[in-house]
Structures are given as C-alpha cells and as structure tokens.
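Please read the points alongside the coordinates.

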Amino acid sequence: HTPTHPHRGRRIVQKTIFPMAARRCIVSVYDKTGVVEFCTNLAKQGFEILSTGGTAKLLSEAGVNVKQVSDVTSFPEILGGRVKTLHPVVFGGVLARRTEDHLGELKTHNISPVDLVVCNLYPFVETTRKEGASPAEIIEEIDIGGVTLLRAAAKNHESVLVVSDPDDYARVSKALTEDDCKVNASLRRRLALKAFRCTAAYDSAISAWFTEQCAQADLAADADAKQKGEELSAKDEREDPLFPSVLSLSLERVEKLRYGENPHQEGALYRFAGEPAPFEQLQGKELSYNNLIDIDAAWAVPCDFEEPCVAIIKHTTPCGIATAASIEEAYPPALASDPVSAFGSIIAVNREVTLAFVELIGKLFLEVLVAPSFSAEALEWLGRRKKNCRVMRSNPAVVTRPVSLRTVHGGVVAQSADVAPEVESEWRVVTKRQPTETQMRELAFAWRACKHVKSNAIVLCSGTATVGVGCGQPNRVEAVGLAASRAGEQAKGSVLASDAFFPFADGLRAAASAGSAAVIQPGGSIR
C-alpha cells in the first residue's frame, strides 16, 4: 500500500545553511526617526543597504553607503512611486529560507538573500484625521509595498529580521553587535509578531474607514432615491455606519494592572490603536482596574452638564451630583447628598481645580480626582496633603466613541452611545397640576443626573443637586424608598427622576409619601 501522505508519521528535517556572504538589508520607511543612526551602525557591521525614494536620499546625504532598489532589480519605480519594491528580486530574497533548495533557486536567478527588513508604513490613520483631507488623499496613503515587505519578512523571520518600529532600533543594533548578527530566535519571533500586529492594525483602520465611506454613500443614495420617489436599496445591501457586518477592532495594551476587579483576577488596560490617552496622571498611586472603571463613570457625569458640575462617585454609582455658578459652590451640596458613601470616592469636575476647591475637600479620603486642569497651587496642596490620591487631567482631544461595546458570553453586544440631546419642548405634563418654572429646571437636572445611575434608578433632587439616590434595586418601589431614606427631611418638596416608567402606582405613592412634589419619567405604563 502506498500511503496518501508519504511524509506523515515521520519527521522531515531540512538542512539549514547560514552563508557567510555579505548581509543585505532593505530599508523603506515613512517615519525616518533614528533611521540614519541605525543604518550607519548596520553599514559598520557589513550590511549592504538597499533603499528607495526619500529614505535612500536621506541616507545618502548623511554619508551612508546605500543602493537604490531599482539598481538591483533593473526596474525603475513606476506609477509615481506606487511600485517600488514589488519585484521578485526583492521578495525572492526576503522569502527564501536558508535551505539548499531555496538558496539554489536564488543562485539560479542571480538573487541575493535579504537578512534584514526595516520598514514602517504611510500615515493612513493620521491622514484620515487631518481636517479637509479628501478621499483621494486618504486612499493614496494606503501602503502596499510596505505592508507586503513586513508580512513577507515576518513570515520568514527565522531567516530575516524584521524591524517595524523605530523604538526597536537600539535593541536590534545591540543584538546584532553582541551576537555577530545572529539574532536569537526569541527576539526574531517578537519582532515578527510586532510586524504582524502592525499590519493587522493598519488593515483594521482601512476597513473601518471604507465602512464609513460606504455607509455615507448608501445614505446619500437613499436620500436621492427618496427625493426622486424611487425604491430604496435593500437593507442587507447597505453598510451600517454604527454596526458594520464585520467589526474589526485594534487595541494596544497600555499596561498590565496589579489585578482585575478582585485580587484573584488578572487585569490589563487597553487603548484603541493610534488614539491618545484620555487622561494624564499627574500624581498618586498606580491605577487599579476598579479605579479605571470608576473614572470612566465619574468623568461622564460632568461632561453632560454645561454648568460647573461636581460628581462624587463610588463603585460607578453617584453619591452626589450638583451644579452651581462654580465648582466651589457645587461641592458642598454634592457631598451633602451622601457624605458617608463619599469616603474613598472619586470626584470629577468640569472646571479647573483651584486651591479653594481642594481646601473644601479637606480631609475627605479620595481615591481619584479628575478635572480638565489644575492650578499650580492646587497641585502643590494635593502633593503635600494627598500624595496618594490619583490626580487625573482629562485630554480634550479624546471624544466619546459613537458605539459602546460590552462582552457577553460568546460575543459582544453593541449600542449607540447615550448622547442623544434632550428636547424639553417635547416633554408632556400628564397631570392636572402643572410644574412651576423652578420645578421644571429641577426636573431637567434630575433627569440628566438619573442617566448616570444604575437601574432601577431613582434620583431625588432639590435645586440643582441630588439629595437622595436609589439605584440597582430589583424593583422601583425599593429604589424610591432607598432614595427617600438617604434624602431624609430634604425629600419634602423635592423632585424625582426615574429612569423607566412606574409599572404600578405603589412607586408614585411612595414618592408622594416621602414628600416629592414632581416626577419626571419616560412613561409607557399600561396601568
């Protein structure tokens, strides 16, 4: 019997040969940071350097001995530089394993093997963010040859070293010097992984941009068809800008955390690739997983208010929220809403933190303080009086993403961000008794504050400050009772906001018994 797979069951070992001929390096980079110094060192170690376009010009002007790729391929750059390295002489040298068969083929075709590829990519993502950039300009920044070089070198990393990040130039130079250019397998694998991650993130960004372009074109086509009275395209033929048929995400690990939500869980912080950090830590202990979750919840509150706002948050739940003419005026009523729970909380504000504000905080133990800016005097006071408090300055360049994601068993659920503007002119009063102008202002504040409380959510407010918060209860009547108990005497004359309708009258009766004078809720109960 002749086996279908003659190699199955026995291990095939190919003899690998590492020739001592002159080593060849291909350098083609958009980001030229450090490339002159790196290539100068490579030349000293005997590398023959091939390059293209602007990179070759820069190296040559710096005194580095460099050959144009076109001189080796005997084929010029064409199509305005769109085709430079895409040639069998280049990719044969990059993809050839150091085996007798592959090296023999290279010799037959007079191709030299490539030992090192240094490449980074056109700034596609940066161009998409450039104001006024046209689709043609953006498409021109889609790198083809660079991505292909990185993938080819990374695939053949056992024989070819691939460097995709200028931050790696120093350690690669050191490894080449120490090991007589025989870089260990571990570093080769890590650099190959980095290259594949680079191209994956790049392709993900291109896919996301094209998804948006297709969605915009579909919307324009539908609007045109509607205006002309023509039939709209089928839904399954349109690309959804928020929920594309394929969702590609590219995330970069920022840091590993001490642990996750609990000490027995591991944790890490990731950021969307290429995006700036949303906060800068100015002082204090390292951030924990729970700190990061709480910061996200806390910062969302003052961002929802135009007026100076103070939000005191514990375990993603508001202890107190208040607005006033200044954050100094807003802090006392925000604290008074639940002073006990405020111990060990996070405070977020939407104005600069001053010395007067931190002096109001005084001895209250804080985990985190978040603000758009801090005065020098406030920072000096915090460094002296609350050195362990994590002080975070927000980055105005980071905006809310249009879609929020959450992992569930077996996948991810997505929803549009909760940023829809409130149209108060569409609100309806469904009782005979009409709210006063003051109550309407209070109800508007309560409704906005209620958005940041976990369901079942009940918020009691007086003026523009919470006086009692009831959250996360399995029924709405208990949530009312919890909010009323925290409000105490302040419940009398307060207004109440509920995140959903009251299914029975008992919740409203409990609110009235506590002393609430007006209620805002979305409606919908059939009882």
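1. In this predicted model, the lining of the second largest pocket comprises 18 nonpolar, 7 polar and 3 charged residues. The space in this pocket amounts to about 920 Å³. Of its 28 lining residues, R428, V430, V519, I520 and Q521 are the closest to the centre. Two or more lining residues come from each of the elements α15 (437-450), α17 (505-514) and β19 (518-520).

2. Elsewhere in the description, an open sheet of 5 strands deserves attention; its order is β3-β2-β1-β4-β5, with parallel pairing. The edge positions are held by β3 (66-68) and β5 (161-163), and each has a single partner strand, so one side of each lacks a neighbour in the sheet. On average, neighbouring strands of this sheet are turned by 25 degrees against each other, direction ignored.

3. Strand β4 (residues 116-119) pairs with β5 in the parallel sense over 3 bridges. Within β5, V162 is the residue that stands opposite V117.

4. Which strands does helix α1 lie across? Helix α1 (residues 35-44) lies across β1 (23-28), β2 (47-51) and β4. Its direction is at about 140 degrees to β2.

How values were computed. Residues are numbered from 1 along each chain as its sequence is written. This is a predicted model: local features need pLDDT of at least 70, side-chain atom pairs count only at pLDDT 80 or more; totals for chains, interfaces and linings use all residues. Side-chain values use heavy atoms; hydrogens and water are left out. On a 1 Å grid over the protein atoms alone, a cavity is a set of points where a 1.4 Å probe fits but cannot get out, and a pocket is an open set with protein on both sides within 12 Å along at least five of seven lines; lining residues have an atom within 4 Å of a point. Grid points are joined across faces, edges and corners, and a volume is the space filled by probe spheres set on the points. Helices (H or I, at least four residues) and strands (E, at least two) are DSSP runs, numbered from the N terminus. Ala, Val, Leu, Ile, Met, Phe, Trp, Tyr, Cys and Pro count as nonpolar, Asp, Glu, Lys and Arg as charged, and the others, Gly among them, as polar. Two strands pair if DSSP finds at least two bridges between them. Axes are lines fitted to C-alpha atoms, for helices over the stretch in contact, and angles run from 0 to 180 degrees between N-to-C directions. Contact means heavy atoms within 4.5 Å.
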